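Biologist: I'm new to this one. Can you walk me through it?
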Amino acid sequence: MIESRGRRDWEVPVTVAELVNGGPLAGARMWGTGENPVRQVRIVDDLATLGSVPPHTAVVLVGQAASGGWAVEMAMRRAWEQAAACVIASSAGMSAGSGAGLAERLGVTLIFVDEDPLVTAVRVASAAARPEAARTQLVARCATRLAEAGPSARRVLGVLNSELQGNAVALLDPWGSHLAGRRAQGPSLAEVDIPDASGGTLAILVAHGSFQSPGWPSVVNAVLALAVTPLIAWAAIERLAAERDVALQSALATRLLTLASSRTSPYGRIGDGGEGAVPQGAAQGTPPEADLEASGDGTLARAVALRWPVAGPLTAYAIRPHDADLDDLQMIGSVIAATVGPGPVLRREESWAGWSALPPERLAIRLAECLAALPMPCAAGVGAQVPDLGIMDESLLGAEAAAFVSPAGVVARADRMGPAKLLAALPGGVLRAPAQMILGPLLSVDRDGTLLETLTAVLDEGGASRAAERLGVHRNTVTTRLERIRAAGFDVDDPGTRLALHLAAHVLRSRPVG
Amino acid sequence: MSPTVEGTHPKIDSMSLDAFAAGSQLFATGAAELSFHLTLDWARSVLGDGVRVSRAADLPPQTICAAICLVGSSTALSERLPGGNEPVRVIRGLERRLGQKIGAVVALNLDAESALLPVITAALLGVPLVDGDGSGRVFPLIKQSSYTLGGVSATPLVMAGPADDVVVLDTAPDRVEELIRPLVLALGGWTVTACYPMTAEVLARVLVPGTVSRLMEAGVPGAPRSVAAPYGVRTLCRGRIVAVESSTGHGMDLTLPSLPSSIVVEEREGLGRLIRLEAHNEIVFALADGAMVAMAPDQICMISTVDGMVVDVDKVAPGLEVEVMVVRAAPVWHTEEGIALGGPRAFGVPL
C-alpha cells in the first residue's frame with residue numbers, strides 16, 4: 001500500500017506532535033501545537049548554553065536549567081529566540097503554571113515527561129536522526145498489535161486509536177455512516193477502502209486529526225492499510241456465520257430495524273450515542289470500546305460486514321409460498337440470496353422477506369427469477385421504495401400485502417397495486433363451483449356466453465351505455481340483453497345482490513390460474 | 001511641611017520626623033506594621049530638639065561612627081516592647097570594646113524600623129546622624145552593605161535585646177550571619193545592633209551618601225515617589241497577581257529568613273506579558289515572558305494600586321492589583337564586587 005512517494009515522506013524530520021502522539025514521547029503532557037520539526041536534541045544544564053542551540057532542536061532541560069518554574073520559563077524564552085523545536089523537562093515537582101501560558105504566548109511547545117529526561121533525550125535523538133526508522137517502528141508496533149487483536153472490528157479500531165494518538169480513526173460504511181471507532185469531523189487525514197468479495201467497497205477506514213508533519217499522513221495511511229486484512233477477515237467471518245444461521249440473520253435484521261426506527265433522526269446518524277464528535281487533535285476521548293457499545297451493540301457494523309444495504313433508497317420484498325409445507329428454510333434462503341443479491345433474508349410469519357438497494361423495477365425482475373428458481377409455487381411482492389431503514393416496516397408491509405394478493409409465480413408491486421389486483425387474487429378455483437351454482441339459471445339460457453359477457457361488462461363499467469361501448473354493440477342491444485338477464489332472475493340494480501353477482505361473473509370470466 | 005534646614009544640613013525634629021518616616025516607606029514594606037508605629041512613637045518621645053543630620057565629610061575625620069540597625073523580627077519588637085535603653089546599651093557596649101567614644105551614628109539601611117533606630121540612638125546619645133546609609137536600598141543580610149564593599153568589617157558587632165542583655169560579637173565578618181540568628185532568638189527575638197565601627201573619614205568613602213535627606217524630601221506629602229530613588233526608578237508593569245507559588249531552584253542552601261516563592265503578574269496593558277517575580281525574602285529577579293527584565297542588586301518592589309503601599313512578598317495574594325517598580329541600586333552595587341554581594345547569586349540564583 002505504501003507508494004515510493006509515501007516512503008520519501010517518511011524521511012522528512014519528525015515533528016514534536018508526532019513524537020508525543022505516536023513516538024518516543026507517548027504519554028507525555030504537551031502544551032503548544034508541536035508542529036515544529038525536530039532535527040536534533042540538545043541536553044541543557046546551564047541556561048547560557050541555550051544561546052548556541054541551532055533551530056529545530058528539541059531542548060531537554062536537566063540540572064540547574066530545570067531547577068524551577070522560572071528556569072523552565074527562561075529556557076522557553078531562549079528556545080523561542082533560537083527557534084528551537086520544543087522544550088522538554090521532567091514533570092517531577094513541576095507545576096504547569098505559567099509555563100503552559102507562556103507556551104501559548106510564545107508558540108513554543110513545552111513537554112513534561114515522567115521518565116528521566118536523559119532517557120527521553122536519547123530516544124528523541126534517535127527519532128530525530130532517523131525519522132524513517134522511528135516511523136517504521138510505529139508501523140511495526142501497530143502490525144504486532146493488530147496481529148494480536150485478530151479479526152475483530154472493535155479490537156482493530158481500539159488498536160488504531162490507541163497507537164495513533166491525537167488522531168481519531170473510524171470505520172464508516174460506504175455511505176458515510178459511523179460503524180466503529182472514534183468519530184471526528186473535518187477533512188480526513190487518510191482513508192483506506194475495505195474491499196468486499198466483488199471488488200466493491202465494503203467499508204472505509206478514515207483517520208481524522210491534526211496534520212502533524214508532512215510525513216504523518218503517509219504513516220497513518222500505512223497503519224490503516226495494515227488493518228485492511230483483519231477487517232476483511234472480520235467481515236468474512238461475520239458473513240459466513242450469518243449465512244449459516246438464518247435465525248441469526250433474522251435477529252440481526254430485526255435489531256437493525258428496531259434501532260433504525262427508534263431514532264427520530266435520519267438513518268445516517270444511527271449509532272450516534274449522544275456524545276459529541278471527537279474534536280480534531282484531541283488525544284483523549286471516549287475509549288473506542290464505549291463508542292462501539294453506543295452504536296447499538298455493533299449491529300450496524302455487522303450488517304455492513306454482511307454487505308447488507310443499510311442506507312440510501314431501499315426496497316422491501318416478500319416471498320410467500322403457496323404450500324404451507326416449507327420447512328427447508330436453508331434452501332429458500334440460499335435461493336433468495338443468490339438471485340436477489342446482498343441483503344437480509346428473514347422469516348416473517350408465513351412469508352420470507354428482505355430488502356435490497358435495487359430499485360423496485362429491477363428488484364421485481366430479480367424476484368421473478370427467484371420464483372422461477374424455487375422448486376415450489378410461491379408469490380412475490382415488492383414494497384414501495386423508502387428513503388432509509390427507519391421506515392422500512394412500511395415497505396415490508398406493502399411487500400407482504402402484495403405477495404399475499406399475488407397468485408403463485410407472479411411478482412406484485414405494492415406501488416402499482418389497485419383494487420383490480422385484489423380481484424386477481426381471489427382464489428378462482430375454489431369460487432368457481434359456487435359461482436356456477438349462483439349463475440346457473442342465467443348460464444342455462446346463455447348458449448354463447450353473450451349474456452354473461454354483457455352482465456360482466458355492465459357491472460364492470462357501471463352502466464349500459466359504457467358497456468355497449470366496451471362490447472362494440474348498440475346501446476339498445478345491451479338493454480335487450482339486460483331484459484333477458486332480468487327475466488332469468490338477476491337484477492343488476494339490486495344493491496343486495498349486486499356484489500355477489502359481480503364476483504360470480506368475475507370468477508367465471510377469469511381463467512383458472514396456478 | 002519641609003525638612004528643617006540648618007545651614008546646608010537638615011535636622012530631624014518633631015516636624016520633619018514624619019516626612020522622614022514616610023520617605024522610608026516609599027520602596028520598603030512595613031508601613032502598616034504595629035512595630036513601625038511603635039518605633040515611630042519611640043522616636044517622637046526621645047527626639048527633643050531634634051537630631052542633627054551631618055554629611056560624613058563634614059565630621060572631624062577621626063570621629064568614630066557606628067552603623068545601627070534592627071536585627072530580628074519586627075513582629076517580635078511589637079510583642080516584646082523595648083525597654084528604651086537598648087540603643088544606649090549597644091553603643092556603650094561597642095565603646096567598651098573599642099576603647100573609643102562613638103561620635104556619630106549612621107544607618108545600615110533605611111528600611112522602616114532600621115531607618116528610625118539610628119535617629120533614636122543619635123537623639124539618646126546626642127550625636128549627629130550621618131546623611132547616608134550602607135545600602136541605598138534594603139538587603140536582608142548584615143554583610144550586604146556598601147561598607148563591606150568598601151572593605152570595612154561588620155565586627156566587632158554589639159547586640160542589645162529587650163531583656164537587658166548585651167552581646168559583643170568578635171568574629172570574622174563571614175561568620176556573623178550564622179552566629180546572630182540563634183543569638184537573636186535567645187535575646188528576645190529582636191535586637192538593636194551596632195556594627196561596622198569606622199572613622200568618619202572611611203565612612204565618607206564607603207557610604208551611599210545623602211539618602212537620609214533624600215527620604216526627608218521624598219516623604220513630604222505631594223513629592224513624587226521617584227525622589228526616594230536617587231539612581232532612577234522605572235515601572236516594569238501594571239497588572240494583577242494571578243498566582244503565588246512556592247518556588248524551587250534557588251537559595252535552598254541559604255540562611256535567609258523566608259522561603260523562596262514565585263509571584264506571577266499578568267500585565268494589564270501593552271503586550272499583556274506574564275511577569276514572574278522570583279522572591280526570596282525580597283524579589284530577586286523578574287522575568288517577562290521568560291526574558292530577564294530586572295534583577296538584584298536593583299530593587300524590585302510591588303506597589304499596591306489601591307493604597308500606594310509597598311506589598312510584602314510574604315503577604316501577597318492572587319487578585320491584588322500592583323505596579324511592579326524597579327529601583328536602580330547605587331553605582332557601588334553595579335561593580336563586580338557589588339553584584340557578587342547583592343546580585344542574584346547572593347540569593348542562590350545561578351545566574
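Biologist: Which strand of chain B does L169(B) lie in?
Modeller: L169(B) is in strand β8 of chain B, residues 166-169. Keep in mind that this is a predicted model.

Biologist: Is L169(B) buried or exposed, and why?
Modeller: Buried, because its relative accessibility is 8% and the cut-off for buried is under 20%.

Biologist: What does L169(B) touch, leaving out residues up to four places away in sequence?
Modeller: T155(B), P156(B) and L157(B), plus L179(B), I180(B) and L183(B). Take I180(B): eleven residues separate it from L169(B) along the chain, and their C-alpha atoms are 8.5 Å apart.

Biologist: New topic. How many aromatic pairs are there over all chains?
Modeller: Five, from a search of the whole structure. One of them is W31(A) with F112(A).

Biologist: Why is the pair of W31(A) and F112(A) called edge-to-face?
Modeller: The planes of the two rings stand at 75 degrees, so the pair is edge-to-face; the cut-off for that is over 60. The ring centres are 5.4 Å apart.

Biologist: Where do the two residues of that pair sit in the chain?
Modeller: W31(A) is in strand β1 of chain A, residues 29-31. F112(A) is in strand β5 of chain A, residues 109-113. The pair links distant parts of the chain, 81 residues apart.

Biologist: And how does W31(A) count for accessibility?
Modeller: Partly exposed, at 22% relative accessibility. F112(A) is buried, with a relative accessible area of 2%.

Biologist: Which chains does the pair of W70(A) and F285(B) cross between?
Modeller: Chain A and chain B. W70(A) belongs to helix α3 of chain A, residues 69-81. F285(B) belongs to strand β14 of chain B, residues 282-288. Their ring centres are 5.1 Å apart, and the planes meet at 70 degrees, so this pair is edge-to-face.

Biologist: Are W70(A) and F285(B) buried or exposed?
Modeller: W70(A) is buried, at 1% relative accessibility. F285(B) is buried too, at 0%.

Biologist: What sits over the ring of F27(B)?
Modeller: The charged end of R225(B), 6.0 Å from the ring centre.

Biologist: Back to chain A. In what order do the five strands of the open sheet come?
Modeller: β1-β5-β4-β3-β2, with mixed pairing. The edge strands are β1 and β2 (40-44), and each pairs on one side only. From one strand to the next, the twist averages 20 degrees.

Biologist: How do β1(A) and β5(A) run, parallel or antiparallel?
Modeller: Antiparallel, joined by three bridges. M30(A) stands opposite I111(A) in β5(A).

Biologist: Which strands does α3(A) touch as it packs on the sheet?
Modeller: β3 (57-61), β4 (86-90) and β5 of chain A. The direction of α3(A) makes about 160 degrees with that of β4(A). Helix α5 of chain A, residues 117-129, packs on the sheet as well. It touches β2, β3, β4 and β5 of chain A, and its direction makes about 160 degrees with that of β2(A).

Biologist: Zoom out. How many helices and strands does chain A have?
Modeller: 21 helices and 14 strands. Chain A has 514 residues, and 48% of them are buried.

Methods: Residues are numbered from 1 along each chain as its sequence is written. Chains are lettered from A and ligands numbered from 1 in the order in which they are written. This is a predicted model: local features need pLDDT of at least 70, side-chain atom pairs count only at pLDDT 80 or more; totals for chains, interfaces and linings use all residues. Side-chain values use heavy atoms; hydrogens and water are left out. Rings of Phe, Tyr and Trp (its six-membered ring) pair if their centres lie within 6.5 Å; planes under 30 degrees apart count as stacked, over 60 as edge-to-face and the rest as tilted. Helices (H or I, at least four residues) and strands (E, at least two) are DSSP runs, numbered from the N terminus. Buried means under 20% relative accessible area, exposed over 50%, partly exposed in between (1.4 Å probe, protein chains only). A charge sits over a ring if NZ of Lys or CZ of Arg is within 6 Å of the ring centre and within 35 degrees of the ring normal. Contact means heavy atoms within 4.5 Å. Two strands pair if DSSP finds at least two bridges between them. Axes are lines fitted to C-alpha atoms, for helices over the stretch in contact, and angles run from 0 to 180 degrees between N-to-C directions.
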